[in-house]
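This report goes through the model shown below, one topic at a time. Please keep the structure in view while reading.

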Amino acid sequence: MIGLLLDNRDLFITGFLHTILLFVLAGIGALVLGTLLAAMRVSPVPALQLLGTGYVTVFRNTPLTLVFFFFAFAYPRLELIDVSFFTRAVLALAMYTAAFVCEVVRSGINTVDVGQFEASRALGFTFTQTLTTVVVPQAIRSVVPPMTSVLNSLLKNTTIAAGFSVLEAGQITPALSERGAPLLIGMFWIAVGFGILVVPLTVTQRALEKRWSVAR
Amino acid sequence: MTSALYDVPGPRARARNRVFGLLATVGIVALIGFVGYRFWATGQFESTKWEWLLYKDLQLQLIAALGATLSAFVVAALLALVFGLLFAIARLSQRWWLRTPAFAIVEFCRAIPLVVMIFFLFYAAPQTGLTLGVFWSLVVSLTLYNGSVLAEVFRAGVVSVPRGQREAAYALGLRKGQVTRAVLLPQAVRAMLPTIVSQLVVLLKDTALGFLITYQELLYEARYLGGLAEFGRPIIPTALVIGAVYITLCTALSSLAGHLERRSRRSGRALPTPDVRLVTAAELAT
């Protein structure tokens, strides 16, 4: 079993490196875009609220495979800036995941009791002070667990890029079958690899939860 | 609720918000306009690219593809509900030889990416003599993954039923099986119905992964239609049409979830609040 891993280590190493790269880049993109969208959705400007809501509705109800499909086959037809498929895969993942990040952030803000806002305003805090010293510290506690599961599924979703031939971990299977290697064992190692990748995420989540768990 | 974030706007804030609103509207219109312009400039609105919608054969093919998506969805959804129910009960069992393997299977199926599971069943399983074919590779993977998530949802629902319910049922002389069946599960399912339906939306979206193993569902059809040279390879129009179909199907299911949530809230009875973390985890996934 180890033999297969060592014989095809080039495949496994490039595969998992690309998975990690896709995950990190798309994760950063999704967090930034998702937070912006959440800010739009809670803003007092109706046009921005509408844009935020529309974006979330469209992307939450579209299969990620279709988003990939669009970026893989339809995007080049629009003759916009020509970018590599890897970049387009990052875009597809980031745009899709942003909708979920937005919902997590928004519901995090909503879990903070209205009385907290009112009390801080009664104490004469400005909007920025209210947000940074009262709301965000409380919201972040309830945001961490669901945000970790968003990132977790983002990690798993990177495998969809395999179907559109980006060289990441999911692509190892077809490549192995081309080399005539036993797939069962190959699959086993891929599953192990994903297990290893998920562990740091879960550990971070547990640690943060423990540190921040304050009885409300 | 978020209205508490801001003060009630005074005259200056209202004027400022109007300016922001105007700028945002201009921005949005410009964005849509730019996308529309690119579509127009690359000829996506030409009639030849949309003519395929008028052919009866292609319409029938499209309906067949929709049927393929829906049949994979219905079969997998039913199986996943059964799987979830069985494994939830097994995980709550007092017998360790039921509880431990159920826990291991559920955690394992939730941890590996769905694509890897589908590829495994489609490419690797035949090497061991287990040939499932496209449809069943997809349906079995969807069942295992979503069934495991549903098992966790059911379990969280049962755990969230107030303890007094169980104690009262035992005090009335019901057996363990009867307590679970007649008292705990009905309440758990009711509390978790919105989450269960949103997980089914996830399942519906995930049927699109069948495209990767050439299951002839909506996306596969879009790829085929998008490659037809006689219509100028209308990949963008077909992607738009299929996207609209998916969004319609999913919003219909999601609005059902919203309706159920509102109804259960309206009924006034204090329902146990489900574990927030589990709910969001279930809503996500692919």
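Read along the sequence, the pattern of chain B is α-α-α-α-α-α-α-α-α-α. That chain has 10 helices and 0 strands. The model is a predicted one, and the predictor assigns the complex an ipTM of 0.81 and a pTM of 0.84.

**The two chains**

Chain A likewise comes to 10 helices and 0 strands, and from the N terminus on its elements run α-α-α-α-α-α-α-α-α-α.

| Chain | Box filled by the C-alpha atoms |
|---|---|
| chain A | roughly 70 × 45 × 25 Å |
| chain B | roughly 75 × 70 × 30 Å |

For chain B, the radius of gyration is 24 Å, whereas a compact globule of 286 residues would have one near 19 Å. Chain B is divided into two domains: domain 1 covers residues 9–42 and domain 2 covers residues 48–283. The centres of domain 1 and domain 2 of chain B, taken over C-alpha atoms, are separated by 38 Å.

**Confidence in chain B**

The average pLDDT of chain B is 84, and 91% of the residues score at least 70. Where in chain B is confidence lowest, and where is it highest? The lowest mean, 45, belongs to helix H10 (residues 276–283) of chain B, and the highest, 92, to helix H2 (residues 56–91) of chain B. Over residues 274–286 of chain B, pLDDT stays under 50. For this stretch of chain B the model has 39 contacts beyond four places in sequence.

**Where the chains touch**

Between the chains, 52 residues of chain A are in contact with 48 residues of chain B. On the side of chain A that touches chain B, the elements giving two or more residues include helix H3 (46–60), helix H5 (85–111), helix H7 (127–157) and helix H10 (183–212) of chain A. Which element gives the largest share of that side? H10(A) does, with 8 residues. Sorted by class, the side of chain A that touches chain B has 35 nonpolar, 13 polar and 4 charged residues.

**A helix pair in chain A**

H7(A) and H10(A) also pack against each other, at an angle of about 175 degrees and with their axes 9 Å apart. Angles over 145 degrees count as roughly antiparallel, and H7(A) and H10(A) are therefore roughly antiparallel to each other.

Which residues of H7(A) meet H10(A)? From H7(A) come A:Arg141, A:Val144, A:Pro145, A:Thr148, A:Leu151, A:Asn152 and A:Leu155. In H10(A) they meet A:Leu197, A:Val198, A:Leu201, A:Gln205, A:Leu208, A:Glu209 and A:Trp212. By class, the residues of this contact between H7(A) and H10(A) divide into 9 nonpolar, 3 polar and 2 charged.

Notes: Residues are numbered from 1 along each chain as its sequence is written. Chains are lettered from A and ligands numbered from 1 in the order in which they are written. This is a predicted model: local features need pLDDT of at least 70, side-chain atom pairs count only at pLDDT 80 or more; totals for chains, interfaces and linings use all residues. Two residues are in contact if their C-beta atoms, placed from the backbone, lie within 7 Å. Helices (H or I, at least four residues) and strands (E, at least two) are DSSP runs, numbered from the N terminus. Ala, Val, Leu, Ile, Met, Phe, Trp, Tyr, Cys and Pro count as nonpolar, Asp, Glu, Lys and Arg as charged, and the others, Gly among them, as polar. Axes are lines fitted to C-alpha atoms, for helices over the stretch in contact, and angles run from 0 to 180 degrees between N-to-C directions. Angles under 35 degrees count as roughly parallel, over 145 as roughly antiparallel, 65 to 115 as roughly perpendicular and the rest as oblique. Domain bounds come from an automatic or database domain assignment. pLDDT is the predictor's confidence in each residue, from 0 to 100. The radius of gyration is taken over C-alpha atoms; the globule rule is 2.2 Å times the number of residues to the power 0.38.
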